[in-house]
Amino acid sequence: MSRPTATAAQRTAAIGRHFMSSSASASNSKPRVDAPDEAPVLFESNGVVRTYVLNRPKKLNALNEPMLNLLRPQIEEWSQGELAKVIVGRGVGRAFCAGGDVESVVRYASDPATRPKAIDFFHREFEMDYILAAVPKPYVCVMDGITMGGGVGLAVNAQFRIATEKTVFAMPETKIGYSPDVGASYFLSRVDGEIGTYLGLTGTTISGRAVFEHGFATHYVESRRIPALLERLGALENPTYPRINELLEEARSEGEPDQPSTAIIGAKREALDSAFSHNTVEKIVAALTQISDGHQDEEVRKWAAETLAELDKRSPTSLKVALAAIRRGKQMTLLDALQMEMNIATAFCSGVTPDFKTGVTAVLVDKIKERPNWSPARLEDVNDSEVLQNFFSKYTPENGTAPKITPPSYLAQPNRVMDPMQFALPTEAEIRSMVDGSHKSSGATEITLDELLAKFDKLRKGKAGVREKILEVVQRKCIFEEDKHVDKKWLKWKH
C-alpha cells in the first residue's frame, strides 16, 4: 500500500513554518530571488481565466496584511465583472499558502493600544475566505504544495480544489495555543466520520493523494501537469461547472492505485471514528487510552499511543475550544461558523488565555522542542463553563465586543454557498443512502456491491478514485446478506 509522499521530518518542518513565521526558511533548492518592487500577490489573465498568485516563496506564501490589501479588491472586481469567467488561486514555490502572520498578530495583541490591529487582521482574513467561498463563478484552487491554516481557508471551500503529490495539508493551530479558524469549524465537521475532529485537535498533516481521498480536495493531478491544465482551462470558451470538472478529470494521473494511499483506513479508521466521536476532550483521551492498552491490532494500539502523546503536547484550553467549535460548526452555515471563529479569535487576542502568546513564542520564536508552558497545564484544570463563557459568549457583535463578518452587497444570498463536496468523491453519507435505498438515484431498497459501484460510476461519470473510496467504505461499514433465491449478496449498512 502506498503512503503519503511527505516524510515525518518534512511534515514536522512544514508545521514549524506554518504560521508565516518570519523565521520560515526557504526551499532546500535555490530560492527564487524576488525583485524589490515585486508584489506579494500577482494577478494574471489567460483567456476567460483570472488568476491570483501568492508570491512570497521565501515565507511559504504566508498571508500578511499587504497580501490581503491586494487580494480582496481584485477578487471583488473579478467577481462582479463580465470578462472573468473563472478564478484560479495558486502559489509560487513549495507552498500554496502555509498560514497567516500570527507572530505579528500576537505582537499587536500583547499591547492594548495595538490590539485592534490584531483583531482586524482576522476580520479581514475571514471575510476574504467567505468571499472566495461564495464567489458567483467557478473558483479553482491549486494546492500544489504546503497548504495550512490560512492557506486552507483560501482553498477548502472552492468548488474545485486540486491536490498534487506535493500537497501537505494541516490545521495545526492547537500547537501554538490557538484554535482552528478560517472556517475550520464548518469544513472539519463535514468530512467523513471524525477525520476532521482528529485533524483539528492533533494538528496532524495529511499529504498527497490522502488530501483528495478525505474530501479536502476534489481532484488529484500530478504537479507536472498543472501548467498545461491551466492553459487548457484558459482556452475554454464556455467554462461551465460540468465542463471544468471534465477538464480536471481529463488531467488526472494515469495508473490509479488499487488501494487508497491514506494510512487512516480499516481498523485504524474505525478506532479513530470511535475515539473522536465523544463531545469532551477528556472522553476522547479516555477512549484513546483504552484503545492503546487493549486493542487487538498492534498498529492500532501504536497509533492510539502516538495520538495520546500528540494531544498531551497541545494547549488544553485550545483543545477544548477547538472541539466545542467543531461540534457547533456542524449545524451552522459557513457565514455563521466564520462569525463564531471571529468571536473566538477576538477572545484569544484579548488575552482570555495566555496560551496563544505562550505557544507562538515557544514554537515560532524560541523554537523549543519541549511542551510549551501552557496555563492551565492539565485538561482537568480547564473550567468548561469558563471556556464557553469566554470564547463563545463574551465576545460577539451583539455585545459590541467583536467585529461582524459582513459579506459584500453583490452577493445576493450571503448565507448560501455551493456545496464544496459537489465535485469531490462521494461521502460516506451518500454511499450509505445508496445502500439503504434513501438516495434519490437508488431506485431500490436492496443493492449488490457491483450495482453500487455501477451507480456511482454513472453518477460521478467515471471519476478517478470513486471505486477505491466505495470499496474502503463498504469494507468498514457494510455486511453482506446472501439471498439464495436470486443468488445475490445484498449490502447492508452496519448500525
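Start by selecting Arg378, which counts as partly exposed at 46% relative accessibility (buried means under 20% relative accessible area, exposed over 50%, and partly exposed in between, with a 1.4 Å probe and protein chains only). What you have open is a predicted model, where local features need pLDDT of at least 70, side-chain atom pairs count only at pLDDT 80 or more, and totals for chains, interfaces and linings use all residues. Residues are numbered from 1 along each chain as its sequence is written, and side-chain values use heavy atoms, with hydrogens and water left out.

**Stop one: the partner of Arg378**

Arg378 forms a salt bridge with Asp381, and their closest N and O atoms are 2.9 Å apart (a salt bridge is a side-chain nitrogen of Lys or Arg within 4 Å of a carboxyl oxygen of Asp or Glu). Asp381 is partly exposed, at a relative accessible area of 40%.

Next, select Arg269, Asp273, Glu428, Glu472 and Arg476 together: salt bridges that share partners join these residues into one network.

Select Arg232 and Glu250, a salt bridge whose closest N and O atoms are 2.8 Å apart. This pair links distant parts of the chain, with Arg232 in helix H9 (residues 226-234) and Glu250 in helix H10 (residues 241-250), 18 residues apart. Helices here are DSSP runs of H or I with at least four residues, strands are runs of E with at least two, and both are numbered from the N terminus. Arg232 is partly exposed at 40%, and Glu250 is partly exposed at 43%.

Then move to Lys320 and Glu282, which form a salt bridge with the closest N and O atoms 2.6 Å apart. Lys320 lies in helix H14 (residues 316-329) and Glu282 in helix H12 (residues 281-294), so the pair ties together parts that are 38 residues apart in sequence. Is Lys320 buried or exposed? Lys320 is buried, with a relative accessible area of 9%, while Glu282 is partly exposed at 31%.

**Stop three: a sheet**

Finally, switch to a cartoon view and find an open sheet of four strands, in the order S4-S6-S8-S9 and with mixed pairing. Its edge strands are S4 (95-97) and S9 (206-207), each pairing on one side only; two strands pair if DSSP finds at least two bridges between them.

Select residues 146-148 and 168-170 to see strands S6 and S8, which pair in the parallel sense over three bridges. Here Ile146 stands opposite Val168 in S8.
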